[in-house]
Amino acid sequence: MAIIASTFGTGLSYAGHLPLRRFTAGEVGRKQQRMVVVRAEGGGGGINPEIRKNEEKVVDSVVVTELSKNITPYCRCWRSGTFPLCDGSHVKHNKANGDNVGPLLLKKQ
């Protein structure tokens, strides 16, 4: 089992058996961005195998009192380029796979 450790204050990082890496002066203190790619895979290509299959698209709404926007759509198809926010990628996925997955909508009360 590899142990991942990081010492951002000193500019050093360690991951498993990899050698230590010193960050350049420009990298130290700069906010680093990380990207994680998540792919949903299942048999038959659909994300939603059984929930409310009689509906054209499954979309749920939740009313929340403290939101900055009136509506915030969250992705449930795992294909959004702006994940966790929905970018409409489910439309292409639904057509290609005969699925009916849609976003979760958070609505401001």
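1. Where does H90 sit? Look in helix α1, which covers residues 89-97. Bear in mind as you read on that this is a predicted model.

2. Staying with H90: its relative accessibility comes out at 7%, so it counts as buried, given that the cut-off for buried is under 20%. Setting aside neighbours within four places in sequence, H90 is in contact with K57, C77, V101, G102 and P103. Of interest for the next point, strand β6 is made up of residues 101-108.

3. If you want a spot to check by eye, find I71, which stands opposite K107 in β6.

4. Over in β4, have a look at V63. Is V63 buried or exposed? V63 counts as exposed because its relative accessibility is 56%, and the cut-off for exposed is over 50%.

5. V63 still has partners from elsewhere in the sequence. Leaving out neighbours within four places, V63 is in contact with K107 and Q109. V63 and K108 are 45 residues apart in sequence, yet their C-alpha atoms are 5.8 Å apart in space.

Methods
Residues numbered from 1 in each chain as written. Predicted model: local features only at pLDDT ≥ 70, side-chain atom pairs only at ≥ 80, totals over all residues. Heavy atoms only, no water. Pairing = 2+ DSSP bridges. Helix = DSSP H or I, 4+ residues; strand = E, 2+ residues; numbered from the N terminus. Buried < 20%, exposed > 50% of the residue type's maximum accessible area, 1.4 Å probe, protein only. Contact = heavy atoms within 4.5 Å.
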